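I opened my notebook to look up a few things in a structure. Come and read along with me.

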Amino acid sequence: ITYLFRTMSRTAYFEGDDRDLKDNMIQTPAADNYVLVTHGLLMRIFCMCYLRWTVTEFEEVWNPSNCEIWVLQKIPDKGTYELAGRWRASPYGGSFVDVKFGKNKNEAMFEHMKRPLVSRRVTPGAPDALDS
């Protein structure tokens, strides 16, 4: 997953003693597509880390159903990805629908949750530090 974060964001979020990984990244061209096959909880954790959701936002997002496909689509000219939604295939093509969100799984996800945020304001030690 560390490799996936690095190649998707092209930033040094994770620094460490991993020269082999860095050397391979330099020699390996960027991929057009990534596929992450995982359980629902890890999918939500990945989105929480990449899109920088708060704990409250994370808890409002429902786990995907079995074999559900969530798509992070590359934003042209930015080098980052946005959550396009759940892919619903059909005989006539297919489309994106919103990720299940809210108490009844039918609320619209906030737009700021679909793109990675540069930063979030956190007051260390505050009771709601991770909820804003």
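My entries go from the whole chain to single residues.

**Ground rules.** I am looking at a predicted model, where local features need pLDDT of at least 70, side-chain atom pairs count only at pLDDT 80 or more, and totals for chains, interfaces and linings use all residues. Residues are numbered from 1 along each chain as its sequence is written, and side-chain values use heavy atoms, with hydrogens and water left out.

**The chain.** I found four helices and three strands, taken as DSSP runs numbered from the N terminus (helices: H or I, at least four residues; strands: E, at least two). From the N terminus the order reads α-α-α-α-β-β-β. Of the 132 residues, 27% are buried, meaning under 20% relative accessible area with a 1.4 Å probe, protein chains only, while exposed means over 50% and partly exposed lies in between.

**Lys 100.** I looked for this residue and found Lys 100 in the segment after strand E3 (95-97). Is Lys 100 buried or exposed? Its relative accessible area is 19%, so Lys 100 is buried. Leaving aside neighbours within four places in sequence, I noted contacts (heavy atoms within 4.5 Å) from Lys 100 to residues including Trp 62, Ser 65 and Glu 68.

**Two positive phi values.** I read that most residues other than glycine have a negative phi. Arg 52, in the loop between helix H3 (40-51) and helix H4 (55-60), has a positive phi near 60°. Asp 77 is not a glycine either, and its phi is positive at about 65°. I located Asp 77 in the loop between strand E1 (69-74) and strand E2 (81-88). Asp 77 counts as exposed because its relative accessibility is 85%.
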